[in-house]
Amino acid sequence: MRKIRYIAAITLAAVTAILCSLTFAGCGYCQHKLTELVKEPSTCVKQGLRTAYKCEKCGTMFGYSLEKGLYEIKKREKAPLGKHTVGPHCEFAIPEGKTSFADMNVYSECAECEERFLVDKEGLIPFTPSDNNNTASAKHVRDGNYSATEITFAAGTQSGAVHTIMPLSDSKSDARANVNVPFDSNEPRYLITLIYNLGSKDVTVTYGAECYGEHCTSPEVTVPAGGFATASAELVFTLTQPRSYHELTMLTTLDSAVTLRVMGYYYTTDKVKSVELASKGRTDYMQGEMLDTDRITLTAVYGPDVSKILTPDEYTINLEGKILTVEDTEVVITYKKQTFKYNITVRNYTRGQNLALGKTATASETGFNPSQFGLEKLTDGKYDNFNAWGSDKHPSEKSTVWVQVDLEDITEIDNVVLYARHDGMYFPRSYYIEVSTDGTNFTKVFEEEEDEEALQNGTNSRAILFDTKPARFVRIVGTALTNGSGGAYYLEFAEIEVYKTTEAG
């Protein structure tokens, strides 16, 4: 359909250019001097006028279609009625028979005729506020396709308390969901927010946006206990900056704590114009690794300066979750009806001797149970669930723990294999590998800032290939740990292997 429209537009432009340049004597057919009468768009209550052409000499009018070409008309042809126009009054609704927030529809009251209608979701740009906070505790939560920020206001919170929510671009873990919606556009921009009350008391709130001191805020909405409400605001700012902050204002004095979940959409009248592959990450892999999907970034472009970095659940990748082999040469990413492809190389390496086997391992701390989970477990060649080393208990994910293997002699290496304890249990979320020839001066050879692949892969290992380096000491430094029972965080490995690889012929 788009191709037909494109061909029609090109053909029409060519015909118009030729005919408008003809100035023959008289007014026989094909000798008219035509002037374009620009299309007048329709609204939902008033028909517009189609594009037409009028002869400057005799006044004859013409219409145009791909099938007929130019044809004579007596008067301007009317266009069909247009669609409803999204207005500032919007609300969420769950379709009958549905229970998930992922199935939410958005309705608006038409700005022209005031009729309630279903908003086309292609014009809605989803967002999830970040978990940054200043007046309440907050965290990012995910339930299936429903992604939200959960905000808890403590007992004693006074009416008028403002919870400022930072933009997602400042929250590294949520960077994919960053949305750029400039406020200076002449087109309408709306903020449509779902607020779900997990508490046992009705609360009244407002929700809006702040941009360098300017504020756009929804009317007051009451969110029933155990239910939800919609707050919508028109984004009108004089500045040309994208959104700066969101603001949730509690207008109820609380005698007990209340937790609210927040998610929603920006509305822009521009639908998706194109999708761009902004980053594809690594293209060189070792057989047995998994595709590095964390570095794949797709951006949906809605119009000039209006774009959204797509979240991974919005598109599919043909090799996601698959152990790579030399037969895997092409990554295919599909978003709606658009497909993106790029080539990868998966090399078949042979490994020599495991240089870490039986060698001495040390760590930055003793570990939670050294008698049963000692450091010797890291290099004994055994991989079962209870044959592992585990760090001390840490109260925060953002804790740094390292383990190190002494290879005893300086040798060239280029491959480290890390084995999780069990089903990905306590495998670090973020970590790096560094090597040293003297145990004092270390060089970083690999870094992973968000290893979702290893965490989701579960039972397997993480094979890491890097440029060949001379090394005696190999150190793995965990910088973001994973959660265990009771809110504690650990770093655990079943085994660490070190190799010098040779590419098979």
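In what order do the 4 strands of the open sheet lie, and is their pairing parallel or antiparallel? In this predicted model, in which local features need pLDDT of at least 70, side-chain atom pairs count only at pLDDT 80 or more, while totals for chains, interfaces and linings use all residues. Residues are numbered from 1 along each chain as its sequence is written, and side-chain values use heavy atoms, with hydrogens and water left out.

The strands (DSSP runs of E, at least two residues, numbered from the N terminus) follow the order E1-E2-E3-E4 with antiparallel pairing, two strands being paired if DSSP finds at least two bridges between them. Strands E1 (34-37) and E4 (69-73) form the edges, each pairing on one side only. Strand E3 (residues 61-65) is joined to E4 by 5 bridges, and Met61 has Ile73 in E4 as its bridge partner.

The structure holds 11 salt bridges, defined by a side-chain nitrogen of Lys or Arg within 4 Å of a carboxyl oxygen of Asp or Glu. Among them, Lys201 and Asp255 meet at 3.7 Å, N to O; Lys201 lies in the loop between strands E13 (189-197) and E14 (203-211) and Asp255 in the loop between E18 (245-250) and E19 (258-268), so the pair ties together parts that are 54 residues apart in sequence. Lys201 is partly exposed at 24% relative accessible area, whereas Asp255, at 61%, is exposed (buried means under 20%, exposed over 50%, partly exposed in between, with a 1.4 Å probe and protein chains only).

A further salt bridge joins Lys500 to Asp414, with the closest N and O atoms 3.8 Å apart. Here Lys500 is partly exposed at 31% relative accessibility, while Asp414 is buried at 6%.
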